Amino acid sequence: NVIRPSGLFTNSWGDAGLGDQGSSGAIIIDTGQLVVAGGARIDSTTQSSGKGGDVTITVSDSLSLAGQRMLPVAEVAVFGLGSSLPSGIFSRTVGSEGVSCTGGCGDAGNISITTGFLNVTDGAAINSGTTSTGQGGTITVNASGNISIAGTLDDGTPGGVLSQTTGTGPGSGAGGIIALTAGDSFFLQNGATVSASSSGPANAGNIQLTATDTILLDGATVTAEAAQASGGNIKLTAQDLIQLNDSTISSSVQGNETTAGGDVTLDPDFIILQNSQVLAKAVQGRGGNITLIYNKAFLRDSFSTLDASSALGISGSVNIEGPTKFLSGAILPLEQQPVNVAALYGARCAAGSGGQFSTFVDSKAESLSPTPGAFLASPLLNSAASTHVVADRSAGQRAPVILTASIAPLVLGHAGEPTTACP
């Protein structure tokens with residue numbers, strides 16, 4: 001009485017007693033708009049020695065993956081997915097050598113998506129990972145518009161695009177390649193992830209994110225890191241801007257001296273890092289290389305980190321490549337002779353001559369400024385405005401009050417300085 005999720009399935013679950021098992025079937029979808037929500041999924045997972053089926057989706061307008069469904073206890077045991085069933089597209093290889101796969105576990109199938117817009121929200125996922133000795137599949141997305149990936153499951157598990165490998169036995173499969181291309185901008189936000197990482201003895205896969213306009217990571221992660229093996233390479237390319245806010249890009253590794261962190265490359269016009277990390281670290285192995293290539297500007301706050309170090313091995317390098325800006329030609333040098341301040345005070349009442357002049361007058365306020373050194377409005381402005389309003393009302397005029405520099409000049413000054421008023 002297990003409740004199956006709705007969707008399209010061509011799984012190959014297999015039977016260890018029947019020898020080598022067949023592959024999962026392919027899934028091909030061609031439509032104007034596609035919505036997968038509420039725990040529904042498109043799935044060609046294999047638990048046999050056969051290969052997972054390829055999933056090919058063509059959507060002329062938009063593809064939306066959203067939401068999850070809480071699972072009964074019996075269903076959790078069957079799918080091994082925890083208490084939540086995320087919506088999404090899956091072509092995984094599951095199981096383990098000698099338990100559910102005979103003759104070796106099959107590789108995950110590939111996922112190929114062509115769409116106008118891609119929206120992945122609320123923990124939904126595109127997943128071609130492996131928990132067996134099979135290889136993770138390749139995920140390729142080509143969107144003519146924006147790609148937007150955001151949110152987590154209710155238990156905090158990140159949604160996003162995944163080709164992780166979690167197999168722990170000898171010969172476990174490596175993570176697959178992820179290549180996401182947006183014709184406009186790419187947004188990864190609110191706890192979502194793009195991950196080709198490895199927690200087993202196999203290497204992590206590579207990640208490539210490309211956008212015509214902007215790549216924005218806001219509270220998100222891009223990882224090709226490995227716990228026991230080598231990390232994958234990560235490359236982000238945008239014509240305009242790559243910006244990281246409270247986010248991490250990591251190809252770090254924690255394995256032995258034979259492992260190496262993956263390389264990380266960012267290549268836009270502008271790079272902005274705010275409270276973010278770009279990491280290619282290692283423990284015993286070699287650190288990866290971090291390369292930032294910008295055509296116009298690179299801005300990094302003091303809370304952001306670029307780190308390609310190795311604790312016990314050989315550290316990688318951090319390379320920043322961009323045009324050199326010489327600001328001296330755009331800054332006007334100060335006059336050699338200081339201005340005579342006394343002369344400026346002598347001309348402080350230019351507005352009183354009847355012309356349209358701007359006037360700067362030091363004033364003293366009755367209270368402290370909100371912040372040290374801030375400007376305060378002079379009380380003269382309020383008294384002048386009140387006088388003008390009374391005059392208008394006594395004449396019976398109902399027109400809006402207009403204050404000009406000659407009637408009530410704006411008077412600003414620093415707190416604590418002497419007030420100088422015009423007669």
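Me: How many aromatic pairs does a search of the whole structure find?
Reply: The structure is a predicted model, in which local features need pLDDT of at least 70, side-chain atom pairs count only at pLDDT 80 or more, and totals for chains, interfaces and linings use all residues. Residues are numbered from 1 along each chain as its sequence is written, and side-chain values use heavy atoms, with hydrogens and water left out. Rings of Phe, Tyr and Trp (its six-membered ring) pair if their centres lie within 6.5 Å, and the search of the whole structure finds one aromatic pair.

Me: Are the rings of Tyr294 and Phe298 stacked, edge-to-face or tilted?
Reply: Planes under 30 degrees apart count as stacked, over 60 as edge-to-face and the rest as tilted. The ring centres of Tyr294 and Phe298 are 6.2 Å apart and their planes stand at 35°, so this pair is tilted.

Me: Is Asn245 buried or exposed?
Reply: Buried means under 20% relative accessible area, exposed over 50%, and partly exposed in between (1.4 Å probe, protein chains only). Asn245 has a relative accessible area of 15%, and therefore Asn245 is buried.

Me: Which residues does Gly313 contact, leaving aside its neighbours within four places in sequence?
Reply: Gly313 has its place in the loop between β27 (305–307) and β28 (318–321), where strands (E, at least two residues) are DSSP runs numbered from the N terminus. Contact means heavy atoms within 4.5 Å. Once its neighbours within four places in sequence are set aside, the residues in contact with Gly313 are Val283, Gln284 and Gly285.

Technical notes: Helices (H or I, at least four residues) and strands (E, at least two) are DSSP runs, numbered from the N terminus.
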